[in-house]
Amino acid sequence: MWTEVRISIINDRFSGGPQTILGPAGCGPDVAVLDEIADTTDITLDERDERLPILLKLLEGHDKDYFERRRDRFTDEELEAARLLVVNYWALEGSIFAGPRVGTKYDMSDACKHCGAGARQTSAQVVDGQELHVLEGRRAAATCYNDLLVGEKLAGALAQSGATGFSFRGVFAAFDRRGHIQLPWRQICATHTVPPMSPRSTGVELSQPCPCGRSCFSGREQIPMRLAYRASDVADIHDVNISWEWYGYVNFNGDVYDSVLPFPLFLVTPKIWRIFRDAGATGFDWIPIRVVDE
Ligand SMILES: [Zn+2]
């Protein structure tokens, strides 16, 4: 495993331009790339690279002129050896808008009255028909609520694999005037929730804790997410599982169809990762959990 640090300098905000520090930090075109669309200069380094402390020193006092993100990267052997992998979708095209405000139905009888954690989907998944370009050419994708969508071919491979812990639902696109049209996609719905994670997890914060204790978790840009689970809690798992904790921004006033709901994370076995990889699915980070005693 190695930790990737990405520094994105906002070109037109940085006085003198990014070149004024790239040279002194020894960051050439091997690590510094211009992103013309975002108008940033992205420098990608290993956390252990000796150029990193020099670069960060040169960026002192420029807090508003750059972003810093850190994430762990793994070899296939490390992914293969993991008990479970957190599925993190980050495709550049973004996630497709879907869920309660687009027409997906939910049963809220067991959900938290304050945040909506525990909402149970009862219909097919409905996605915004205006955003279908986000799915174009992809084998798999996620919605803005981390619902996992797979193309029909990948769905077929999953169904034939004997993998456990999920069922499929249909996916429909909603159009203003033409109603709902079924898409050649399937939603993977997990049937198993793993127990709460170990407090030894790092890189996760609880922004505005709900009284239920289950929602408002989020990852952090500058600290890689490293989830830990007790060995006894992952002894009896399926190939597809979801986390007990629900993540993301929440805006729930009781009317589910006018709300922003939190969502759980998917935790899958390496078998699922292999099926996605072999199908050519891209845009996902697969992050091994750490198994701990407590
Ligand atoms: Zn709650």
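Predicted model: local features only at pLDDT ≥ 70, side-chain atom pairs only at ≥ 80, totals over all residues.
**Group meeting: a walk through the strands and cores**

Residue numbers start from 1 along each chain, as its sequence is written.

A quick word on terms. Helices (H or I, at least four residues) and strands (E, at least two) are DSSP runs, numbered from the N terminus. Two strands pair if DSSP finds at least two bridges between them.

Back to strand 5, then. Valine 86 stands opposite leucine 267 in strand 17. On strand 18 (residues 284–288), which is antiparallel to strand 5 and joined to it by five bridges, the bridge partner of valine 86 is isoleucine 287.

Which residues have the most contacts inside the largest nonpolar core? They are Leu85, Val86, Phe266, Leu267 and Val268, in a core of 58 residues. Strand 17 (residues 263–268) gives this core its largest share, five residues. By nonpolar core I mean a set of buried Ala, Val, Leu, Ile, Met, Phe, Trp, Tyr and Cys residues joined through C-beta atoms within 7 Å. Buried means that 20 or more other C-beta atoms lie within 10 Å of the residue's own; exposed means 12 or fewer, partly exposed is in between, and the C-beta atoms are placed from the backbone.

Now look at phenylalanine 266. Its contacts, leaving aside neighbours within four places in sequence, are Val87, Leu148, Ala190, Val240 and Ile242. A contact here is a pair of residues whose C-beta atoms, placed from the backbone, lie within 7 Å. Another core lies apart from the largest one; it has ten residues, including Ile21, Leu22, Ile43 and Leu55.

Next, an open sheet of four strands, in the order 2-3-1-4, with antiparallel pairing. At its edges are strand 2 (32–35) and strand 4 (66–73), each pairing on one side only. Strand 1 (residues 2–10) and strand 3 (residues 40–46) pair in the antiparallel sense over seven bridges, and isoleucine 10 stands opposite threonine 40 in strand 3.

How about a helix? Helix 5 (residues 270–278) has Pro270, Ile272, Trp273, Ile275 and Phe276 buried. Just after helix 5 comes glycine 280, with a positive phi of about 80°.

Is serine 167 buried or exposed? Serine 167 has 12 C-beta neighbours inside 10 Å, so it counts as exposed. It lies in strand 11 (residues 166–175) and, leaving aside neighbours within four places in sequence, is in contact with Cys189 and Thr191. From serine 167 to isoleucine 9 is 158 residues in sequence and 43 Å in space, C-alpha to C-alpha.

Let me finish with the whole chain. Its secondary structure comes to five helices and 19 strands. The radius of gyration, taken over C-alpha atoms, is 21 Å, close to the 19 Å that the globule rule gives for 294 residues, so the chain is as compact as a globular protein of that length; the rule is 2.2 Å times the number of residues to the power 0.38. Buried residues make up 33% of the 294. Among contacts between residues at least 6 apart in sequence, 72% join residues at least 24 apart.

Note on methods:
Contact = placed C-beta atoms within 7 Å.
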